[in-house]
Amino acid sequence: MSHASPPAHTTRRDDVPRCRRLDVGDDGAVLPTDELDPVLCQEAMRQALASPRFDGNAGQPRGMERVVAGAATVAKVQRRVHERLDVLLEFDDLRRVADVPAPALLDHGTVDKDGVSVWWTVLERARGEHGDRGAHVPELLPSRQRALARVLRRWHTYGDAALGPRLDDPGMAGLFFGEIRARAPGAAKQLAAELDAACRGTEMAAVHGDAAVGHNVLFQGADVTAVLDPGAVRVAPSMLCLGWAVAVDLGLGGSVDAAGAGYAASTADRELLHRLLPLLVTRRLADMRRLGDTSAERRLGAWLRSRRPELLDLAVAGSGSGGDGAEVGTF
């Protein structure tokens, strides 16, 4: 269970970076997501299953499993080139330093051949239920939003913002709106320009970037039991991370107020969140239209229509069927 306040032994970093001008003109940066050699991946899984920290069946994996569960542990191996071991190591450091509930990293290693390295890990098995599943989601959603926001506050406060790629690095702003960029480059550049105007000069922090009640978080009742799968321990304004959580959870029926209260957002935080959230909802709405999630699409569309109706056209353009686009994940 997460605590209501950060652990007393930790100290906040003094050298807080500020967001520089974003690379809003980029339209070609991609995040490589190619699959790795399956033979190396299978060998990595064999080594993970042979680890003394793994408590499951150490026999030959049946196929191309990426994750094999034991009773209290999980063996997990790399499958794609963009999945980084240093992210997992940073995440485990953050778990201990900032008291973020997450599976402990128990063992890890690599398989190396011809200049290619594939990592394997043994992790504590996370317990809990996904926040968007179950009969009690509507009544639990506000308290779950508050609980997750408290966890994200600790993450942003005590994470090492000197690590990982930054939002203001070359090409990163383009990747942030990558799915929309692939279908409607003009719409993506307009959104990126607004993102730049909102973020430039603001404090940056280490962020998860893809956590919400409805994604990558497990709960027991209203308590967070585990935050999962950071795309990277990256660096961005903290309200971009909280805002993405809100944008995802608005699609479930969540609210801005519940997340803001859990985060104990300052006046400056709320002002930045107010500027960022329409951009993030536009991005999320484009995703939901493309994926055919009509319930989330309806909620997000109504929210955007009442606040920034002119952005609806950008969401529609960004959800078009033309082109496959690059698989870019979330920041």
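Which side chains meet in a salt bridge at 2.9 Å, N to O? They are the side chains of D92 and R95, where a salt bridge is a side-chain nitrogen of Lys or Arg within 4 Å of a carboxyl oxygen of Asp or Glu. The model is predicted, so local features need pLDDT of at least 70 and side-chain atom pairs pLDDT 80 or more, while totals for chains, interfaces and linings use all residues. Residues are numbered from 1 along each chain as its sequence is written, and side-chain values use heavy atoms, with hydrogens and water left out.

D92 and R95 both belong to helix α2 (residues 85-98); because they are three residues apart there, about one helical turn separates them. Helices are DSSP runs of H or I with at least four residues, numbered from the N terminus. D92 is buried, at 11% relative accessibility; buried means under 20% relative accessible area, exposed over 50%, and partly exposed in between, with a 1.4 Å probe and protein chains only.

Side chains of opposite charge can pair when their charged atoms come close. A search of the whole structure finds 20 salt bridges. In one of them, R200 pairs with D196, with the closest N and O atoms 2.4 Å apart. Here D196 is buried at 6% relative accessibility, whereas R200 is partly exposed at 39%. Another salt bridge joins R289 to E297, the closest N and O atoms being 3.0 Å apart. R289 has a relative accessibility of 34% and counts as partly exposed; E297 is partly exposed as well, with a relative accessible area of 23%. Salt bridges also link R20, R166, D168 and D169 in a network.

The next topic is helix packing. Helix α3 (residues 137-158) packs against helix α8 (residues 256-263) at an angle of about 45°, and their axes are 7 Å apart. Axes are lines fitted to C-alpha atoms over the stretch in contact, and angles run from 0 to 180 degrees between N-to-C directions. That angle makes α3 oblique to α8, since angles under 35 degrees count as roughly parallel, over 145 as roughly antiparallel, 65 to 115 as roughly perpendicular and the rest as oblique. The crossing of the two helices is right-handed, meaning that the near helix is turned clockwise from the far one by less than a right angle.

On the α3 side, the contact (heavy atoms within 4.5 Å) is made by P142, Q145, R146, A149, R150, L152, R153 and H156. From α8 come A258, A259, G262 and Y263.
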